[in-house]
Amino acid sequence: DLFMKCSLMPGAERLIHHLAHHNVPMCIATGSSSADYALKTHSHADLVSLMEFTVRSDDPEVKFGKPDPDIFLVAMRRFKCPPAGPGNCLVLEDAPNGVKAALAARMKCVMVPDPRLKDLPEADLRFEIVGRLFPE
């Protein structure tokens, strides 16, 4: 029931629309299973539709979960026009294990932490509130 009430972080919708408007390829690489992902995103279908694809934790190509970089490397290979290398990828991540996974994949990582988190890992950049960049 909690997953059915997942809300967006402040500014997330505007950021996604901005990136889509500028034809920036985007995907979702989530540590959630397909079933949990469906529950979490059921009310955000309009935003999910702007993604090129989604990679979930139960994808057969994903052998290890975050903090292993596997899911991000799988995602990088699936783009219609794959980036030249991991350093050409930008990961927006809200969880410490996701930040560790992105950095282990040698991707650039911006952490957008849940304000309830403590002991945040190092990231290339951290925005406490995405809404400061793209206010609603």
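Q: In this predicted model, which residue forms a salt bridge with D59?
A: In the predicted model, the closest N and O atoms of the pair are 2.8 Å apart, and a salt bridge requires such atoms within 4 Å. The pair links distant parts of the chain, with D59 in the loop between β2 and α4 and its partner in helix α4, 19 residues apart. The partner of D59 is R78.

Q: Is D59 buried or exposed?
A: A residue counts as buried under 20% relative accessible area. D59 has 13% relative accessibility, whereas R78 is partly exposed at 30%. D59 therefore counts as buried.

Q: Where in the chain is R77, which meets E61 in a salt bridge?
A: The side chains of E61 and R77 meet at 3.8 Å, N to O. E61, partly exposed at 40% relative accessibility, lies in the loop between β2 and α4. The two residues are 16 apart, and R77 is in helix α4.

Q: Which residues are linked in a network of salt bridges?
A: D59 forms a salt bridge with R78, and E61 meets R77 in another. These pairs belong to one network. Its linked residues are D59, E61, R77 and R78.

Q: How many residues apart in sequence are the parts that E93 and K66 tie together?
A: The side chains of E93 and K66 meet in a salt bridge at 3.3 Å, N to O. E93 lies in strand β3 and K66 in the loop between β2 and α4, so the pair ties together separate parts of the chain. E93 is buried at 7% relative accessibility, while K66 is partly exposed at 22%. The parts joined are 27 residues apart in sequence.

Q: What is the peptide bond from K66 to P67, cis or trans?
A: P67 is placed in the loop between β2 (54–55) and α4 (70–78). The bond from K66 to P67 has an omega near 20°. The peptide bond is cis.

Q: How many disulfides does the structure hold?
A: A disulfide needs a pair of cysteine sulfur atoms within 2.5 Å. The sulfur of C27 has its closest cysteine sulfur in C89, 8.2 Å away, which is too far for a bond. The count of disulfides is zero.

Q: Why do the buried residues of α1 line one face of the helix, and which residues are they?
A: Seen down the axis of α1, the buried residues fall within an arc of 95°, so they line one face. Their cover includes α3 (45–48) and β3 (90–93). The buried residues of α1 are A12, L15 and I16.

Q: What is the phi of N23, which is not a glycine?
A: N23 follows α1 and lies in the loop between α1 (12–21) and β1 (28–29). At 66% relative accessibility, N23 counts as exposed. Its phi is positive, about 55°.

Q: Where is R106, which has a positive phi although it is not a glycine?
A: R106 has a phi of about 65°. With 69% relative accessibility, R106 counts as exposed. The place of R106 is in the loop between α5 (96–104) and β4 (108–111).

Q: In what order do the elements of the protein run from the N terminus?
A: The protein has five helices and five strands. Of its 136 residues, 34% count as buried. From the N terminus on, the elements run α-β-α-α-β-α-β-α-β-β.

Terms used. Residues are numbered from 1 along each chain as its sequence is written. This is a predicted model: local features need pLDDT of at least 70, side-chain atom pairs count only at pLDDT 80 or more; totals for chains, interfaces and linings use all residues. Side-chain values use heavy atoms; hydrogens and water are left out. Helices (H or I, at least four residues) and strands (E, at least two) are DSSP runs, numbered from the N terminus. Buried means under 20% relative accessible area, exposed over 50%, partly exposed in between (1.4 Å probe, protein chains only). The arc is that of the directions from the helix axis to the C-beta atoms. Contact means heavy atoms within 4.5 Å.
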